[in-house]
Amino acid sequence: MWPLYAAGFTTAFGAHGIAANLGADTDDAVTSLLVLGGLLALYDGAEVLLKPVFGTIADRIGARPVLLGGLVAFAVASALYALADSPGWLWAARLGQGAAASAFSPAASALVARLNPAAKHGRAFGSYGFYKSVGYTLGPLLGGVLVWAGGLRLLFTVLALLGAAVAVWALVAVPDVPPLPRARQTVVDLARRLADPAFLVPTAALAGATAALSVGVGFLPVSGAVAGLGTVATGAAVSVLAACAAVVQPRAGRALDAGRITARGGLAVGLLLAAAGLACAMLPGLVGILLAAALVGAGTGLITPLGFASLASSTSPERLGQTMGAAELGRELGDAGGPLLVAGVAVVATLTYGYAVLAMLLAALGLALGVRRRAATQRTGTS
């Protein structure tokens, strides 16, 4: 499992480490905000388009070859800019990194499910999510140190070495999990499976959690600046968010495996916690920001392992890659949609109203899950 955790760390560290520090290199490669926006969109755009594709390929040829190929491609794409050091190669490297992460990220999730019995899925996905959260947390910090020490080329060099090292580690330690026989699937069959509540409910919860997380990371510093707080205070608030998410995920997974919580109930509570956090973000001052960071982080940490464990338990093993790829697509849409929604409302009204709108959407989804769970429990008790 450790190389899979390292793969999760790699994709998170690569995404946030570069994204948070591209703007620091304005002399040559990143010459304007438009160029910066394009470079940021390349990575996410590749993931949105390719994750479902590579997930399906993992089901067809096996998740391990897709994992190894994606890690090697990530190392090669990172080395492009490290060696060439030209603006054109930066665009190619960023696109290549996004495409490579689209391959090894859903493959790693599928292997987490395949290599662990269903009774340990919560613990396994909780640990996997923990190391991704560590990557998200350390990416901006360590990436900033590397860019300060040697520019973007040094950061890309480190990412190339990291991708290559994890690929070798996975080659040695991750066992070969052969693809399982699959019945023929039509487009109608795929649409019916993706429209099933067993897929839609956890995917919607994952998208909502990612939306809240992105809004917290992106907009809580803005609220702090408006309140007159310095960058140290706002940076600490974002660190609190990431730390809470990292701490909660393994505990949530273990609680699910032990039967202390249910997946649907935990998803509902996680959405309500995230909604409460966004509501706290509406309060002025440092206290509101810290409460928002803690609650959004806790809600995200609760949802992530439960959502993926629920998807794994409701999916036949031969379709795990496709399901994980489609679920990752849902997360990417939440990652982009949450900030766009809040920003759009803030343009018309204020940022406070933007928080309120997203909070109400998450609360409505959480309450709907809670009501549906209670109705299902009552039917079970009656029968």
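**Figure 1. Helices α5 and α10 cross in this predicted model.** Start with helix α5 (residues 121–173) and helix α10 (residues 285–313), whose axes come within 8 Å and cross at roughly 135°. Here the axes are lines fitted to C-alpha atoms, for helices over the stretch in contact, and angles run from 0 to 180 degrees between N-to-C directions. That angle makes α5 oblique to α10 (under 35 degrees counts as roughly parallel, over 145 as roughly antiparallel, 65 to 115 as roughly perpendicular and the rest as oblique). The helices themselves are DSSP runs (H or I, at least four residues; strands are E, at least two), numbered from the N terminus. On the α5 side, the contact is made by H121, G122, F125 and G126, and on the α10 side by P305, F308, A309, A312 and S313 (contact means heavy atoms within 4.5 Å). These contact residues of α5 and α10 divide into 5 nonpolar, 4 polar and no charged (Ala, Val, Leu, Ile, Met, Phe, Trp, Tyr, Cys and Pro count as nonpolar, Asp, Glu, Lys and Arg as charged, and the others, Gly among them, as polar).

A note for reading every view: residues are numbered from 1 along each chain as its sequence is written, and side-chain values use heavy atoms, with hydrogens and water left out. Since the model is predicted, local features need pLDDT of at least 70 and side-chain atom pairs count only at pLDDT 80 or more, while totals for chains, interfaces and linings use all residues.

**Figure 2. Helix α10 also meets α11.** The axes of α10 and α11 come within 10 Å and cross at roughly 145°. Here too, α10 passes α11 in a right-handed crossing. Look for T304, F308, L311 and A312 of α10, which touch L320, T323, M324, A327, E328 and R331 of α11. By class, this contact of α10 with α11 has 6 nonpolar, 2 polar and 2 charged residues.

**Figure 3. Helices α4 and α11 cross.** The axes of α4 and α11 come within 8 Å and cross at roughly 130°. The two helices are therefore oblique to each other, and their crossing is right-handed. From α4, the residues in contact are S105, P106, S109, A110, A113 and R114; from α11, they are L320, G321, M324, G325 and E328. Sorted by class, the contact of α4 with α11 has 5 nonpolar, 4 polar and 2 charged residues.

**Figure 4. The largest cavity has a volume of about 100 Å³.** The structure holds 2 cavities of 30 Å³ or more. On a 1 Å grid over the protein atoms alone, a cavity is a set of points where a 1.4 Å probe fits but cannot get out, and lining residues have an atom within 4 Å of a point. Grid points are joined across faces, edges and corners, and a volume is the space filled by probe spheres set on the points. Of the 15 residues that line the largest cavity, A58, D59, A63, R114 and P317 are the closest to its centre. Helices α2 (33–61), α4 (87–114) and α11 (320–348) are the elements that give two or more residues to this lining, and α4 provides the largest share, 3 residues. The lining of the largest cavity has 10 nonpolar, 2 polar and 3 charged residues.

**Figure 5. The second largest cavity holds about 30 Å³ of space.** Its lining is made by L206, A209, T210, L213, T300, T304 and R331. Helices α7 (197–226) and α10 each supply at least two of the lining residues, with the largest share, 4 residues, coming from α7. By class, this lining divides into 3 nonpolar, 3 polar and 1 charged.

**Figure 6. The second largest pocket holds about 150 Å³ of space.** A pocket is an open set of grid points with protein on both sides within 12 Å along at least five of seven lines. Among the residues that line the second largest pocket are S223, V226, M282, P284, I289, L351 and Y355. Helices α7, α10 and α12 (351–382) are the elements that give two or more residues to the lining, and α12 gives the largest share, 3 residues. The lining of this pocket divides into 9 nonpolar, 3 polar and no charged residues.

Key. A crossing is left-handed if the near helix is turned anticlockwise from the far one by less than a right angle, and right-handed if clockwise.
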